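Trainee: I am new to this structure. Please take one part, look at it closely, and then lead me on through the rest.

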Amino acid sequence: MLSATVLLSTILPALVYGQGWDASRHAWYTSDSNNDWHNALPIGNGRLGAFAYGSIAEKLTLNENSVWSGPWQDRVNPRAKGAIQGIWNDLVAGRITSAGNSAMSNLAGDPTSPKAYNPLVNLDIDLGHGALNSVSNYTRWLDTLEGTSGVSYVKNGVTYRREYVASYPHGVLAFRLTASEKGKLNANISLWREKWILSQTASLGSSNAAGHSLVLSANSGQSSNAINFWSDARIVNIGGTVKTNGKSVSVTGADTIDIFFNAETSYRYSDAAQAQNELRRKLSAAVTAGFDTIRDAAVKDFSALAGRVSLNLGSSGSAGNLPVPTRLVNYRKSPNADPQLLTLMYNFGRHSLIASSRDTGPRSLPANLQGLWNKDYNPAWQSKYTININLEMNYWPAMVTNLAETQKPVFDLINIAIPRGQDVAKRMYGCDQGFVLHHNIDLWGDAAPVDKGTPYTVWPMGAAWLSHDAMEHYRFTQNTTFLRTTAWPILQQTSQFLFCYLKLWNNYYTLGGPSLSPEHAFIVPNSGGMSQAGKQEGLDISIEMDNQLLRNVFSDIIDTCAVLKLSDAECSKSQSYLPKIRPPGISPSTGRIMEWRADYADSEKGHRHFSPLFSLFPGSRFTPLINNTLAAASKKLLDFRLSSGSGSTGWSRTWAINLYARLLEGDTAWRHLQEFIQKFPSDNLWNSDNGPGTSMQIDGNFGFVAGLTECLVQSHIEDAATKVVHLLPAMGKNVKKGSVSGLVARGNFVVEGLSWEDGGKFVEAKIRSRVGGSFAVRVGDGKGRFEVSGPGGVIVTGSGTTKGIETTAGQVFTVKAVA
């Protein structure tokens with residue numbers, strides 16, 4: 001087999017001229033980003049990230065995921081514990097505005113926000129080639145399968161190329177500059193950042209092969225306890241001469257220039273010496289290995305993950321043989337002409353998850369609001385971890401698209417947050433056991449309430465939602481070691497806080513203080529003695545989403561105790577608390593799921609959050625095949641929100657896609673998949689808040705992947721120990737003939753070779769059992785006939801949902817449509 005190096009050099013000349021690009025795999029462009037980071041191309045190894053602007057005088061903004069704006073700070077309001085009972089009394093009595101005012105004064109953190117994610121450094125590479133209009137045959141690209149990017153152009157008859165690689169195996173970034181003629185490379189290379197530089201040097205090595213160094217150290221700007229970091233770019237040139245002015249390195253007349261980059265921070269090391277030793281170790285190893293080895297290992301690693309899933313939604317033909325900006329413009333007019341743009345968006349989302357979330361040690365950090373990439377010292381929403389939807393959405397595609405490893409950093413962060421949350425539970429809520437999180441955390445696990453407003457600040461259910469993610473990880477993998485050592489402690493700590501804090505109200509357990517439906521306010525009614533009538537408020541008791549999360553936590557604990565044969569107190573307590581959670585309310589006037597304890601009027605009819613539909617997705621209790629009554633009420637609420645303007649942000653629209661897929665509304669789900677691409681992506685395919693040029697949020701990219709996947713395979717229904725693998729549950733009539741392989745169903749069953757005809761009509765699939773266990777099959781709307789065969793021949797023929805089929809690890813079963 002040819003190496004990646006040989007393959008790239010073989011195919012690149014054709015690709016440079018816009019021929020041979022895979023319309024489902026490559027995002028390519030014939031102009032630079034115009035210094036707009038929404039158009040820059042992102043790569044990463046989970047810890048280090050880079051986005052290349054593609055300018056002729058190149059700038060790469062580099063990130064390291066533990067560079068934030070400062071140390072942990074104690075923000076707990078000292079008045080909180082003494083105020084909770086009074087706020088509860090106000091809410092029970094209907095004094096809603098009074099309760100909100102008291103909560104903002106006594107419960108909001110001080111300061112109101114935790115730390116913000118910050119940029120690391122910029123790497124400038126000036127080849128002296130002027131601007132874009134001074135070169136020809138310009139192309140830049142991102143390869144979503146290999147996780148690499150690059151730039152190529154012609155200047156004075158010479159072809160210049162840059163290749164950008166983020167290596168997980170070697171823990172570095174690596175960049176190569178080449179020219180088609182020897183001795184034609186001249187480059188001035190420098191590192192810089194805008195703030196808090198402690199030292200900056202450039203020095204020449206003992207030889208070109210040993211490398212020359214650009215070193216920059218800085219911190220987060222505090223006089224004590226700041227986050228310190230050290231960065232180093234090693235420059236290795238073949239041919240030419242080198243000089244330095246102490247801040248930059250200039251190379252003249254080279255054949256090839258390789259740059260290896262690393263950075264380490266005080267977040268992961270007890271002292272500066274350890275961090276600097278690790279910095280040098282990785283870079284020395286990279287220089288010794290050389291660029292070809294670094295690239296080959298990086299491509300092998302990345303493509304092994306990205307290649308686990310292969311999606312074919314049909315060919316775009318000539319419509320796909322165009323640069324991405326042109327395809328996006330055309331897609332707004334004729335979405336059905338370019339189905340491969342859907343596939344490219346899907347592959348880009350999985351690329352972004354692999355690039356921004358990997359296990360890099362005991363303090364791995366998950367993808368934040370911008371994934372791994374950031375250029376600002378005060379980014380939108382501080383680019384932190386928002387846990388009332390956004391962090392969770394980041395990982396919706398992880399399990400089902402065969403990327404379980406990428407979720408490990410989430411659990412690392414939860415482990416950091418648990419002791420912070422235990423302290424907040426005690427000091428704010430008077431609970432000596434358990435931990436609590438509100439709607440945001442940072443890299444320190446800051447657990448205090450964030451920001452200051454009744455619709456969002458006091459929401460003590462962040463840990464409850466994250467515990468659901470831990471349980472879902474087990475349901476997909478069936479890994480009892482993970483369940484015992486990782487998921488169970490999270491569930492146990494979450495439940496201990498809840499057992500302390502819950503109170504009986506109208507014979508149902510509810511939180512013993514204020515909560516909210518994330519970021520949505522209601523109008524205080526002029527009835528029932530409530531005040532102040534007509535005001536917009538966010539805080540109340542017995543919130544519908546809270547009740548759904550409570551039901552989830554206690555059910556997950558009961559399931560865990562059964563699997564692990566535990567007899568802890570939380571097992572029996574969950575059994576007794578679960579029946580006393582208030583059941584979902586359906587509005588008698590609208591038929592919709594009720595968001596609050598009473599049928600309050602919405603302050604924003606088209607609100608972007610779908611919090612009262614948590615049990616439709618990512619939960620499952622409101623789905624049609626489990627509870628058709630609640631599914632119908634959920635659909636009414638979802639339809640109402642969308643018709644009133646919801647889905648106005650990219651992440652909100654992708655949540656709606658997942659919800660419609662769970663409702664088995666295929667035409668609607670696929671329409672919103674297309675509308676998402678028509679409205680939200682920037683030219684580099686990043687999701688935006690409400691259209692190109694607005695704030696970038698990576699969650700929408702991940703939500704898109706999850707939503708499309710939910711149309712292809714669902715597995716949330718369980719009958720005893722049997723997992724139902726539902727094939728093509730939500731296909732649209734305009735879906736072209738296609739196939740997918742590598743998706744994972746709960747129970748650790750892998751769906752391979754799932755194919756369909758035009759209109760999403762099922763043809764065939766194989767289901768591989770990784771760990772044994774029992775599964776059942778359902779196809780489409782349950783009306784079509786199919787047969788399931790296994791190692792011993794045909795097992796069952798029929799329609800609807802089959803009975804359970806027992807498996808052993810490694811067995812493969814074939815499902816075929818029959819007349």
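Mentor: Start with N34, in the loop that joins strand 1 (26-29) to strand 2 (41-44). This is a predicted model. N34 is not a glycine, yet its phi is positive, near 55 degrees. Is N34 buried or exposed? N34 counts as exposed because its relative accessibility is 67%, and the cut-off for exposed is over 50%.

Q478 also has a positive phi without being glycine, here near 60 degrees. Look for Q478 in the loop between helix 11 and helix 12 (480-501). Its relative accessible area is 25%, so Q478 is partly exposed.

Two peptide bonds come next. The bond from S531 to Q532 is cis, and its omega is near 0 degrees. Q532 belongs to the loop between strand 22 (522-523) and strand 23 (536-537). The bond from F617 to P618 is cis too, with omega near 10 degrees. P618 sits in the loop between strand 24 (601-602) and helix 15 (628-643).

Now go back to helix 11 and turn to the cavities. Helix 11 (462-477) and helix 9 (396-400) each give at least two residues to the lining of the largest cavity. Helix 11 gives the most, with five residues. The volume of this cavity is about 210 Å³. Its lining has 16 residues, and Y395, W396, E472, F476 and R746 are the closest to its centre. By type, the lining holds seven nonpolar, three polar and six charged residues.

How many cavities of 30 Å³ or more are there? The count is six.

Last, the nonpolar cores. The largest has 226 residues, and L712 and L727 have the most contacts inside it. Helix 10 (residues 408-429) gives the most to this core, with 11 residues. Take L727 by itself. Beyond its neighbours within four places in sequence, L727 is in contact with residues including L712, V713, V751, L754 and F762. R778 and G780 are also among its contacts. A second core is separate and has 14 residues, including L283, V287, I294 and A298.

Terms used:
Residues are numbered from 1 along each chain as its sequence is written. This is a predicted model: local features need pLDDT of at least 70, side-chain atom pairs count only at pLDDT 80 or more; totals for chains, interfaces and linings use all residues. Side-chain values use heavy atoms; hydrogens and water are left out. On a 1 Å grid over the protein atoms alone, a cavity is a set of points where a 1.4 Å probe fits but cannot get out, and a pocket is an open set with protein on both sides within 12 Å along at least five of seven lines; lining residues have an atom within 4 Å of a point. Grid points are joined across faces, edges and corners, and a volume is the space filled by probe spheres set on the points. Helices (H or I, at least four residues) and strands (E, at least two) are DSSP runs, numbered from the N terminus. Ala, Val, Leu, Ile, Met, Phe, Trp, Tyr, Cys and Pro count as nonpolar, Asp, Glu, Lys and Arg as charged, and the others, Gly among them, as polar. A nonpolar core is a set of buried Ala, Val, Leu, Ile, Met, Phe, Trp, Tyr and Cys residues joined through side-chain atoms within 4.5 Å. Buried means under 20% relative accessible area, exposed over 50%, partly exposed in between (1.4 Å probe, protein chains only). Contact means heavy atoms within 4.5 Å.
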